[in-house]
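Hi everyone, thanks for coming.

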Amino acid sequence: MSHSDLKAEIDARRDDLISLTQDLIRIPTLNPPGRNYREICTYLADRLGPQGFDIQLIRAEGAPADSDENPRWNIIARHEGSKPGECVHFNSHHDVVEVGHGWTVDPFGGEVKDGRVYGRGACDMKGGLAASIIAAEAFIAACPDYAGAIEISATADEESGGFGGVAYLAEKGHFDPDKVQHVIIPEPLNKDRICLGHRGVWWAEIETKGRIAHGSMPFLGDSAIRHMGAVLHQIETQLYPLLATKRTEMPVVPEGARQSTLNINSVHGGEPEQDPDYTGLPSPCVADRCRIILDRRFLIEEDIDEVKAEITRLLESVKAVRPNFEYEVRELFEVHPTMTEKDAPVVRSTAAAIERVLARQPDYVVSPGTYDQKHIDRIGRLKNCIAYGPGILDLAHQPDEWVGIQDMQDSALVMALVLQDLLT
Ligand SMILES: [Zn+2]
């Protein structure tokens, strides 16, 4: 079987690729709250089952956000080759984020124009899911007596941490290295780029404490907002310059994320905000609580304990000079950085396939934010994993999201060549 045989199989499926992408977009798998997960899994089972895939529909019972109203359904479809060999697994999340404003097309219409398919989830990542399905079907048709197995999964809740999806499946052993040897996650990283991993995350809430009093006599109270102001001043003058010096060897894109970063997601202090239609005035009080939420992104060169200690030291330095300063830190969420080696088999195979299809060397990148690779690495203990798929990352979560049809075809051919390389 040659490159051109596989290309012919992919090209012959162009209309199928388009209508499959449209069908997936037309099932609005909004997260939150996690709608229509069962419907999309059933749709995929109905497509893949009759082609000889073994189907497992798995509900992540007891996972965060799983409920009878919005159950967290996942699907794993497995196709066995004619002899033993390794397993290549394509993992896509089937959930999409809210629609938001500013659309000029129906977000769940799957409209095709100018060589693109439009809709929420078109690039992130139903186009990638469709491309991986077409790649597998084309490869099986061209090479029915291959060795090993192909798995295609569509999983829940990636957009909200993946706990009802890949994390659950990894905990149940579905990504154990003795079962699955290669994983490709077709997230929209562009068809000529291989994403090796992502930075780490630590979210924490910091609260400063004060004492409530009448706003006309603030000296009788103690303002938690002023205390937080001192914290923010330290962050601005000490922490941000320090973070800018922490550079990484990880090839993170965009370039601005090739260092430690910090976002202050929110600030809340004093009286709660009223509804916009409330017509009264606020009342005069000294704020007795103020909270911020930090989103710290860290590097593979950094230790998470040091990331946390940095914040504790900063708060202690404020406490040392500020009377009555009291604080609390609540940790919300953490993810360790992960990066697959460039000479891992799935990386080498994908790089060679990109060169054949696109006649250029791939770019190796690392994502500034996390995706489901964290669970495959940390829980599944599987290191041979990348993200590779069609679509332009910047379009994800935006209005008028789209995926290019030629990009889907090209990356489907890359994926089929990877199957050929690893399974024949
Ligand atoms: Zn995604």
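Predicted model: local features only at pLDDT ≥ 70, side-chain atom pairs only at ≥ 80, totals over all residues.

Let's begin with the overall division. The chain splits into domain 1, made of 3–198 + 337–423, and domain 2, made of 202–273 + 280–335. If you take the centres over C-alpha atoms, domain 1 and domain 2 are 37 Å apart. Where the two touch, domain 1 puts in 8 residues and domain 2 puts in 10 residues. On the domain 1 side of that contact, β14 gives the most, with 3 residues. Hold on to β14, as we'll come back to it.

Now please find strand β9, residues 200–209. Strand β9 pairs with strand β11, residues 289–298, in the antiparallel sense, over 10 bridges. If you want a landmark there, Ile206 has Ile292 of β11 as its bridge partner. Strand β9 also pairs with strand β12, residues 327–335, again antiparallel, this time over 8 bridges. For that pairing, look at Ala204, whose bridge partner in β12 is Glu331.

In what order do the strands of the open sheet of 3 strands run? The order is β4-β5-β16, and the pairing is antiparallel. The edges are β4 (112–113) and β16 (402–404); each has a single partner strand, so one side of each has no neighbour in the sheet. Between β4 and β5, residues 116–118, there are 2 bridges, and Lys113 finds its bridge partner in Arg116 of β5.

Two helices meet these strands. Helix α2, residues 14–25, packs on the sheet and touches β4, β5 and β16, with its direction at about 15 degrees to that of β5. Helix α10, residues 405–423, lies across β5 and β16 and runs at about 60 degrees to β16.

Let's stay with α10 for a moment. Its 19 residues reach 27 Å from first C-alpha to last, close to the 27 Å expected at 1.5 Å a residue. Is α10 mostly covered or mostly open? Mostly covered: 16 of its 19 residues are buried.

Which residues of α3 are buried? They are Tyr37, Ile40, Cys41, Leu44 and Leu48. These cover an arc of only 100 degrees around the axis, so they sit on the same side of α3.

Last stop, and back to β14 as promised. Pro368 is in the loop between β14 (363–367) and α9 (373–378). Why does Pro368 count as partly exposed? Because it has 17 C-beta neighbours inside 10 Å, while a buried residue would need 20 or more and an exposed one 12 or fewer. Leaving out residues up to four places away in sequence, Pro368 touches Arg199, Val252, Ala257 and Arg297. Its C-alpha atom is 9.6 Å from that of Leu299, 69 residues away along the chain.

That's the tour, and I'm happy to take questions.

Technical notes
Residues numbered from 1 in each chain as written. Pairing = 2+ DSSP bridges. Helix = DSSP H or I, 4+ residues; strand = E, 2+ residues; numbered from the N terminus. Contact = placed C-beta atoms within 7 Å. Axes fitted to C-alpha atoms, helices over the stretch in contact; angles between N-to-C directions. Arc of directions from axis to C-beta. Domains from an automatic or database assignment. Expected span 1.5 Å × (residues − 1).
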